Amino acid sequence: MHRSRVYAVIIDAPAPTAAQAAQFWAAALGATAGPFAPAPQFTSLHHALPGLVTAVQAVDDAPRIHLDFETDDVAAETARLIALGAQEVSRWQECRVLRAPGGHLLCVLPVESDPDVFREQATSWP
């Protein structure tokens, strides 16, 4: 058995327009934009979506929005989502990037949130 939950909504923007996108989304969502020092490609949108991390990510690809799932077992959660029809696209550090049916990207990553929050909000899977 493992547990997982949606952890973050990430707004991917082409790198040349990421700063402008971050300012737009911060204003549109009533959030405060700020750098995320551990990973400079991310701009945090503080308090944009209660209960979820929200950020703009500078990418070398097309604009899109993707979800991050956090889990206590990356391999098991990846296998669960693949069994539902997703395909693994790549790996980045401990993160697995998947493509869901319909073409949307999503990431599976180890637990990032406070352990109590994860314990209270995650779904258990057989």
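Of the contacts in the protein with a separation of 6 or more, 60% are accounted for by residues 24 or more positions apart. The model discussed here is predicted, and it describes a protein with three helices and nine strands, which follow the pattern β-α-β-β-β-β-α-β-β-β-α-β when read along the sequence. The radius of gyration is 15 Å, close to the 14 Å that the globule rule gives for 126 residues, so the protein is as compact as a globular protein of that length.

**Overall dimensions and burial**

- Taken along the principal axes, the box filled by the C-alpha atoms of the protein is roughly 40 × 30 × 25 Å.
- Among the 126 residues of the protein, 40% count as buried.

**Nonpolar cores**

- The largest nonpolar core is made of eleven residues, including Tyr7, Ile10, Phe42, Ala55, Val97 and Leu109, and at least two residues of this core come from each of strand S1 (2-14), strand S7 (95-99) and strand S8 (105-110).
- Apart from this core lies another one, of ten residues, with Ala21, Ala26, Leu45 and Ala48 among them.
- In soluble globular proteins, nonpolar side chains tend to be buried together.
- Cys95 and Cys107 both belong to the largest nonpolar core, and Cys107, leaving aside its neighbours within four places in sequence, is in contact with Cys95 as well as with His66, Leu67, Asp68, Phe69, Arg96 and Val97.

- Strand S2 (residues 32-35) and strand S3 (residues 42-46) run antiparallel and are joined by four bridges, while the hairpin that links S2 to S3 passes through six residues.
- Within this pairing, Gly34 stands opposite Ser44 in S3, and Pro35 stands opposite Thr43 in S3.
- S3 is also joined to S4 by three bridges, and these two strands likewise run antiparallel.
- The hairpin formed by S3 and S4 has six residues between the strands, and in its turn His47 has a positive phi of about 65 degrees.

- The buried residues of H2 are Val74, Glu77, Thr78, Arg80 and Leu81, and because they cover an arc of only 160 degrees around the axis, they lie on the same side of H2.
- The elements that cover these buried residues include S1, S5, strand S6 (87-92), S7, S8 and strand S9 (123-125).
- Arg80 has its place in helix H2 (residues 74-83), and this arginine counts as buried because its relative accessible area is 19%, under the 20% cut-off.
- Once its neighbours within four places in sequence are left aside, Arg80 is in contact with His2, Ser4 and Trp125.
- At the start of H2, a side-chain oxygen of Asp73 comes to within 3.3 Å of the backbone nitrogen of Ala75, whereas just after H2, Gly85 takes a positive phi of about 120 degrees.

- Asp61 is found in the loop between strand S4 (53-59) and strand S5 (64-71), where its relative accessible area of 44% makes it partly exposed.
- A polar contact of 3.0 Å links the side chain of Asp61 with the side chain of Arg64.
- Although Asp61 and Asp12 are 49 residues apart along the chain, their C-alpha atoms are separated by 8.3 Å.
- Pro14, whose place is in strand S1, is partly exposed, with a relative accessible area of 24%.
- Leaving aside its neighbours within four places in sequence, Pro14 is in contact with Val59, Asp61 and Pro63.
- Pro14 and Ala62 are 48 residues apart in sequence, and the distance between them in space is 6.2 Å from C-alpha to C-alpha.

Definitions and conventions: Residues numbered from 1 in each chain as written. Predicted model: local features only at pLDDT ≥ 70, side-chain atom pairs only at ≥ 80, totals over all residues. Heavy atoms only, no water. Buried < 20%, exposed > 50% of the residue type's maximum accessible area, 1.4 Å probe, protein only. Polar contact = N/O pair within 3.5 Å; in protein donor to acceptor, adjacent residues only side chain to side chain. Contact = heavy atoms within 4.5 Å. Pairing = 2+ DSSP bridges. Core = buried A, V, L, I, M, F, W, Y, C linked by side-chain atoms within 4.5 Å. Arc of directions from axis to C-beta. Rg over C-alpha atoms; globule rule 2.2 N^0.38 Å.
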